[in-house]
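Q: Can you walk me through reading this model, one feature at a time?

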Amino acid sequence: MALYECPLWSVLYPMSKVTTMASAISDAVNDGDSLYLAGFTHLIPFAAGHEIIRAGYSDLELVRATPDLVYDQLIAAGCVSKVTFSWAGNPGVGSLRAFRRAVEAGVPNPIETEEYTHYGMVAALHAGAANLPFMPVRTFAGSDLVDHNDAIRTVSSPYGDDEIPVVPPIEPDVAIVSAQRGDEDGNAHLWGIPGEQKEAALAADTVVCCVEELCSTETIRSDPNRTLFTADAVDHVVEVPYGAHPSYAQGYYDRDNEAYLEWEEVSKSHEDVQAWLDEWVYGVENRREYLEKLGAKRLLDLEVDSRYATAIDMGDY
Amino acid sequence: MEYTDTELMVTAAAEQLEDDDSVLVGIGVPNLACNLAKRNHAPNLEMIYESGTIGSNPSSLPLSVGDPVLASGAVGVESMLNGFSYYLQGGRIDVGFLGGAQVDKYGNINSTVIGDYDDPAVRLPGSGGACEIASNAHRTIIISPLEQRRFPEEVDFVTSPGYLDAETDRADLGLRGGPDAVITDKAIMGFDDDGEMIVERLHPGVTEADVRAATGWEIQFADDVERTRAPTDDELRLIREELDPDGVYLD
């Protein structure tokens, strides 16, 4: 055993959490795992999803309130046996066609689905993150969803006569979450739409945190209210510029809407999706090659003008 | 000026909104309607999006409810958990917009499957936040083109509860609000005391027979059906030149 692999050594000198995407995914993900690639339109970890496809994982349960293109790609690649979700679509464009092919026709393989509503999903994540047996929600009464998801149940309030629907905790094996910047330990700053990034990270056993750029812990400490989650939640930190393309990172780059419209066309046939995966996922080694292939013009077109927030004064105490 | 069905739906939906309303906005017609209302008669309209942006003031057309233009310049941005719990479930949303593949005579909406759930003919995106909006907003406005297949007597799947059926009281199920108006391309409907959809206004040039032919049940008409107001030239100019200059949602 090499010295650095010795348990005592790792306690005395914990290794940096900063690693490559390939190494983070290889360490964190196993066949059959439940995975949560978080984000509400914003900061979707596409780079991580593509690495999972390249590595050839199978039998994954994908969990996410808003499965979008990267889940469509994972499904089309045959990595997936189940999807737990609340809205599966191409945001602002239309259907998620590979997801539909799997559900409607079993192509490339049948997938099981477990369906919630948005609040049902994030309440279940909250229960997972907060170590609760369930969360009550004022949702599902009158909806047919309860007839098709045994996990959605009803309890009577211990404080009155009310009956209220409840959801069980969702505790993914692995969450892959993103933020604009984070330090080497995994303290992360996010601004713009936070979606369910925090709840997913705190509910999961293992967390991979993708950041657009690494920053100093001093930067994090300068604005602690900006911190989405702290290092104790995070196992692996990956610096991956443009890691969310074709989705966006607020203040860094805009959504590549052309890619969303292109996917609407590409995803109409399973064969076209395979050709797309061959070119854009299997055909590149990593995110850097993907970006080189995408080209400078495409990335420059996504540049946004700056609109800095006014500095705040935390006070020197 | 000549106008399209979609433009009429935008102005009709805008008219439903009042100043100081907090509105959970959707993409497309609802977004255009809210922005139009804000420019005209409801400057204090507070626009909230499902992604958690509060008091959005988009400087360009958002491509989805999670567009960055909705976060830049907003008065607040909440996580999904906070948005759905504190704002929607907490009763802080006056109006929610809903659409779907099917709407039935009691205003129940299907955005889940066409056909059988376990063996669907068409798998639709699912609820997202629609079930919560239908359950928790103080009133909801449904927007959909009027067609037989979109307006069956009973939806294949209740994703978002309306008035359910003539016997059920929403309040008994712990549901707030309910559908208040249905904006279509032919007419505007409301709901009677039993929660059944009833035609209140016909769009210019549309007959009762046109509406009957496009509805999947014997739809009832109010005693005093009025005509929908046509969009004004000023409204059309605002929509075309400022709110959707590229015609993304108007074609």
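**A covered helix**

A: Start with helix α2 (residues 29-39) of chain B, where 9 of its 11 residues are buried, so the helix is mostly covered, given that buried means under 20% relative accessible area (1.4 Å probe, protein chains only). Helices here are DSSP runs (H or I, at least four residues) and strands are E runs of at least two, numbered from the N terminus. This is a predicted model: local features need pLDDT of at least 70, side-chain atom pairs count only at pLDDT 80 or more, and totals for chains, interfaces and linings use all residues. Residues are numbered from 1 along each chain as its sequence is written, chains are lettered from A in the order in which they are written, and side-chain values use heavy atoms, without hydrogens and water.

Q: Which residues of α2(B) are buried, and what covers them?
A: Among the buried ones are Val29(B), Leu32(B), Cys34(B) and Leu36(B). The cover includes α1 (5-15), β1 (22-25), β2 (46-49), β5 (95-98), β10 (139-143) and α6 (233-243) of chain B.

Q: How is the size of an interface given?
A: It is often given as the accessible area lost when the parts come together. Here the sum over both sides (1.4 Å probe) is about 3,600 Å² between chain A and chain B, with carbon and sulfur atoms giving 61%. In chain A, Phe40(A), Tyr119(A) and Arg138(A) lose the most area to chain B, together 15% of what that side buries. Contact means heavy atoms within 4.5 Å. By that rule, 45 residues of chain A are in contact with 43 of chain B.

Q: How many salt bridges are there between chain A and chain B?
A: A salt bridge is a side-chain nitrogen of Lys or Arg within 4 Å of a carboxyl oxygen of Asp or Glu. The count between these chains is 1. Arg123(B) and Glu115(A) form a salt bridge, at 2.7 Å, N to O. On the chain A side, α5 (97-105), β4 (112-115) and α6 (118-129) each supply at least two residues that touch chain B. The largest share, 6 residues, comes from α6(A).

Q: Where does Asp33(A) sit, and what is the nearest side chain of opposite charge?
A: Asp33(A) lies in the loop between α2 (21-28) and β1 (34-37) of chain A. Asp33(A) is buried and has no salt bridge; Lys82(A), the nearest side chain of opposite charge, is 14 Å away. Beyond its neighbours within four places in sequence, Asp33(A) is in contact with residues including Asp59(A), Glu61(A) and Asp173(A).

Methods. Buried means under 20% relative accessible area, exposed over 50%, partly exposed in between (1.4 Å probe, protein chains only). Lys and Arg count as positive and Asp and Glu as negative; His and the chain ends are not counted. Buried area is the accessible area (1.4 Å probe) that two parts lose on being put together, summed over both.
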